[in-house]
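Please look over the structure below before reading the notes.

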Amino acid sequence: MPRPITAVIHTQALRQNLEVVRKSVPTSQVFAVVKANAYGHGIERVYESFKSADGFALLDIEEAKRLRALGWTGPILLLEGIFSPQDLFDCVQYQLSFTVHNEQQVEWVQQHIYPAQFDIFLKMNSGMNRLGFKPQQYFKTWQHLKRLNSVAKITHMMHFSDADGDRLGQTGIDYQLAEFEVMLQGLAGERSVCNSAAILRYKAHVQSDVVRAGIMLYGSSPDYPKHSIQDWGLAPTMSLRSEIIAIQQLNPNESVGYGSNFIAEQPIKVGIVACGYADGYQRISPTGTPILVNGIRTRTIGRVSMDMLAVDLTPVPNAELGSEVVLWGKSSTGIVLAIDDVAAASGTVGYELMCGVTARVNFKSQE
Ligand SMILES: *Cc1c(COP(=O)(O)O)cnc(C)c1O
């Protein structure tokens, strides 16, 4: 038997979450973001549920090829664009759309002398200051690309830094939207603006002909704890489950695990779970991180080790060897422990947990 730890991917929940995107922005084209191997879920495992999307967005050409191998013939957008002039041959062969965000990429496109009909998403740096052209250079670059015979279409693109919250006493999007809107006044072309947070929070305020939905598709709330997945109508898509493989009875002043950083104050029954940081559970998760045993919410105690962690079985008197443990997601009886709850307790976000599940964990798909 393999170790009992399993990541269950819920295909029905993936479809439900895509439906939430559709209903939020009914007139937009929806690109499903499947970078980082579909946020750790596996591109092949999410494909059937997402193939009613209008496009896919990701970073690696190798992942794009996997989508083509699955039979996807629609748009695929490379969110960081090309990393070498040779990549343009793949863009032609596999019909990949790509972001252009720096001068070097413009040069590579210009110097590509072979037949091509590039579909470009030209990125404006409207204030996030990671990728893109400052508004002053944006217009010049757009004009320049538009004149090239190899460029068939240019979509105006930008990315929000704070769509999930406020910034300097304003909504988190106003400072960037103002730059973007002023610059684009009178320019032809579609726009691609919204990520999950903007789709959910600003659907009425932002014109985004193409939206790029990521985290919401995977059952994590982009603005947790302000809103939970229940608030947004989203369902968990990944359940990390394992089992109790040992039970210990601690007396007062006894400890569990490395570093003895949990000391029992009173007698306590402790379950040892087959899950550790080598499975992708964060070592930094402190005593008190929520966890389910037999569908009952309890807490981790002591330090997470490579292959194991410990749970407080006080609220679960019937727990025994083999009892189901849910690290995040849904129990087999349907009880939900939102990945956002676990992430918040660990000082991180759902994105990092779902991307971090390691190769030694078995995956299985379920309706
Ligand atoms: C990852 C990414 C997204 C998706 O963001 P979510 O917060 O996961 O919805 C959208 N646009 C770009 C450019 C990205 O890199």
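The notes below take the pocket and then the helices.

This is a predicted model. Its largest pocket holds about 820 Å³ of space, and both domain 1 (11–230) and domain 2 (238–366) give at least three residues each to the lining of that pocket. Helix α3 (residues 43–50) crosses helix α4 (residues 61–69) at roughly 50 degrees, and α1 (residues 11–24) and α3 also cross at roughly 50 degrees.

**The largest pocket**

- The lining of the largest pocket consists of 36 residues.
- Nearest the centre of this pocket lie Lys35, Tyr39, His159, Asn195 and Tyr351.
- Two or more lining residues come from each of these elements: α2 (35–39), α9 (196–201), β11 (210–213), α11 (339–345) and α12 (350–355).
- Sorted by class, the lining has 20 nonpolar residues, 9 polar residues and 7 charged residues.

**Helices α3 and α4**

- The axes of α3 and α4 come within 11 Å, with a crossing angle of roughly 50 degrees.
- Because of that angle, α3 counts as oblique to α4.
- The crossing in which α3 passes α4 is right-handed.

**Helices α1 and α3**

- The axes of α1 and α3 come within 8 Å.
- What term describes how α1 and α3 lie to each other? With their axes crossing at roughly 50 degrees, α1 and α3 are therefore oblique to each other.
- α1 passes α3 in a crossing that is right-handed.

How values were computed
Residues numbered from 1 in each chain as written. Predicted model: local features only at pLDDT ≥ 70, side-chain atom pairs only at ≥ 80, totals over all residues. Heavy atoms only, no water. 1 Å grid on protein atoms, 1.4 Å probe; cavity = no way out; pocket = protein on both sides within 12 Å on 5 of 7 lines; lining within 4 Å. Points joined across faces, edges and corners; volume = space filled by probe spheres on them. Helix = DSSP H or I, 4+ residues; strand = E, 2+ residues; numbered from the N terminus. Nonpolar A, V, L, I, M, F, W, Y, C, P; charged D, E, K, R; others polar. Domains from an automatic or database assignment. Axes fitted to C-alpha atoms, helices over the stretch in contact; angles between N-to-C directions. Parallel < 35°, antiparallel > 145°, perpendicular 65-115°, else oblique. Left-handed = near helix turned anticlockwise from the far one by under 90°.
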